[in-house]
Amino acid sequence: MFSNDHDNLSRRDFLNRAGVLAAAGMLATEPIFSKSHNNSQAVKKITIKNVDSNFEREPLNPYRFKGSAITDSWQAIAMLESDSGHKKVGLSTQGVLWSDSKVFAAHSESAGNALMYAMSERALQMVKGTTFTDPVSLLDDILPEVLAYGRKITGNADLRKTFALNSLVCLDNAAWLLYAEENGMKQFDEMVPQAYLPGLSYRHEKVASIPSFSVGTSAEKIKQAADEGYFILKLKTGAAGTQQEMIEKDIAFLTAVHKAIGHYETPYTKNGKIPYYFDANGRYEKKETLLRFLDHAKKIGAFEQIAVIEEPFEESNEAFVGDMGVRVAADESAHTVEDAAHRIELGYSAIAVKAIAKTLSMTMKITQLAYEKKVPCFCADLTVNPILVDWNKNVAARLQPFPGMTVGLQETNGHQYYKNWERLTTYHPKMNGTWTKTQKGVYLTDSSFYAESGGILAPSAHYQELFKS
């Protein structure tokens with residue numbers, strides 16, 4: 001069984017403690033390869049003179065989860081220009097169904113995307129003319145007002161914080177690029193503020209490329225992926241229908257998958273067996289229903305191969321999950337670092353982090369907290385474009401090893417669902433980088449990946465062109 005040990009959480013200020021640890025030299029047990037620019041000189045104050053935004057729509061093959069499906073992906077793009085004349089363009093992929101299914105259900109797919117885009121634009125207008133020193137503090141300053149604005153325009157007083165964070169990814173990414181440019185930072189490692197270095201201090205030579213299979217996928221299609229070398233697969237559960245219909249379908253799915261690939265072997269797990277990564281996206285209403293799923297896994301001999309079950313319950317479900325013998329991960333419910341802390345108190349023993357969905361700024365906070373509490377993290381996808389895949393990969397490659405695994409972990413499913421994925425790859429400024437292609441189930445995060453920061457600091461001609469006068 002994959003390890004499920006984790007510390008109990010206390011709600012202390014993780015940043016203060018990180019500062020104490022850093023001062024005492026008590027950081028990661030592995031060497032810290034990152035070199036924080038902040039250690040050597042003060043960062044500049046950056047004034048945002050101009051802002052702009054745009055978006056592009058990308059059609060998808062239907063991606064089914066949360067009892068629904070997405071067919072259209074909006075790529076939101078933000079431009080920030082400093083008073084020193086530097087212009088930087090940040091990207092995001094909008095995930096309306098993922099971040100707040102109530103907004104998705106209450107509107108057409110396009111209207112839901114338009115509401116999130118309106119929040120991105122509002123945030124850009126808020127920061128125009130303001131001065132900031134680092135993107136983390138900039139995000140902290142604007143998140144409450146952007147969330148309040150989102151609740152107003154969606155008519156949803158309980159709009160989830162993740163919806164607001166998703167809307168801020170493009171601005172946050174542009175802010176990080178501007179921050180690096182203004183301060184002469186040439187690599188991702190230099191960008192990481194000292195307080196967050198421990199949580200992003202590892203260097204994996206390989207990162208697993210994890211495809212995702214929507215609800216209803218056939219076992220044969222999953223077997224084909226395993227035959228291609230993918231050794232860990234994200235399997236969406238929580239089938240449509242009543243809770244009774246759902247669990248019956250999920251159990252049948254588990255049986256079919258285990259029969260198809262349960263005997264496969266891999267060099268990337270310590271027990272040599274292929275691991276299962278299930279994601280129910282909050283579809284299970286009761287803990288007892290999930291226990292039925294796990295009992296069936298034990299019955300058919302699949303239980304020992306379950307690496308993680310992600311977000312089985314709705315966020316409002318406060319059930320303790322640390323006593324089921326399996327690692328349960330928080331994703332959507334871990335909106336902010338405070339929310340992640342609460343999930344850990346409820347027994348969640350892993351966190352799916354998404355620099356491409358909850359901002360790099362918030363992700364740094366969460367990975368640092370998780371590092372201190374010895375709660376492993378891995379990177380999940382939002383069906384993002386190829387450039388954002390490498391924003392996520394910069395985090396995945398630096399996370400501490402996941403228990404039972406010998407490589408970093410990153411879900412990336414864009415190649416499965418974007419109808420024009422190959423065209424999108426040409427927008428990547430380092431499209432031929434050795435790290436950009438999956439090779440037998442993994443990305444090779446070699447020295448060139450770290451030297452070039454996965455290409456995320458280089459400008460994309462396509463997206464730059466959108467902001468030419």
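What follows describes a helix and then the cavities.

The model is predicted, so local features need pLDDT of at least 70 and side-chain atom pairs count only at pLDDT 80 or more, while totals for chains, interfaces and linings use all residues. Residues are numbered from 1 along each chain as its sequence is written, and side-chain values use heavy atoms, without hydrogens and water.

Helices are DSSP runs of H or I of at least four residues and strands are runs of E of at least two, numbered from the N terminus. Among the buried residues of helix 9 are M246, I247, D250, F253, L254, V257 and H258; buried means under 20% relative accessible area with a 1.4 Å probe, protein chains only. The cover over the buried residues of helix 9 includes helix 8, strand 7, strand 8 and helix 10, where contact means heavy atoms within 4.5 Å.

The structure also holds two cavities of 30 Å³ or more. A cavity is a set of points on a 1 Å grid over the protein atoms alone where a 1.4 Å probe fits but cannot get out, and lining residues have an atom within 4 Å of a point. The largest cavity contains about 240 Å³ of space; its volume is the space filled by probe spheres set on the points, which are joined across faces, edges and corners. Of its 27 lining residues, F65, I70, W98, L382 and T383 lie nearest the centre.

The second largest cavity has about 40 Å³, and its lining includes H204, F378 and L409.

Conventions
Buried < 20%, exposed > 50% of the residue type's maximum accessible area, 1.4 Å probe, protein only. 1 Å grid on protein atoms, 1.4 Å probe; cavity = no way out; pocket = protein on both sides within 12 Å on 5 of 7 lines; lining within 4 Å.
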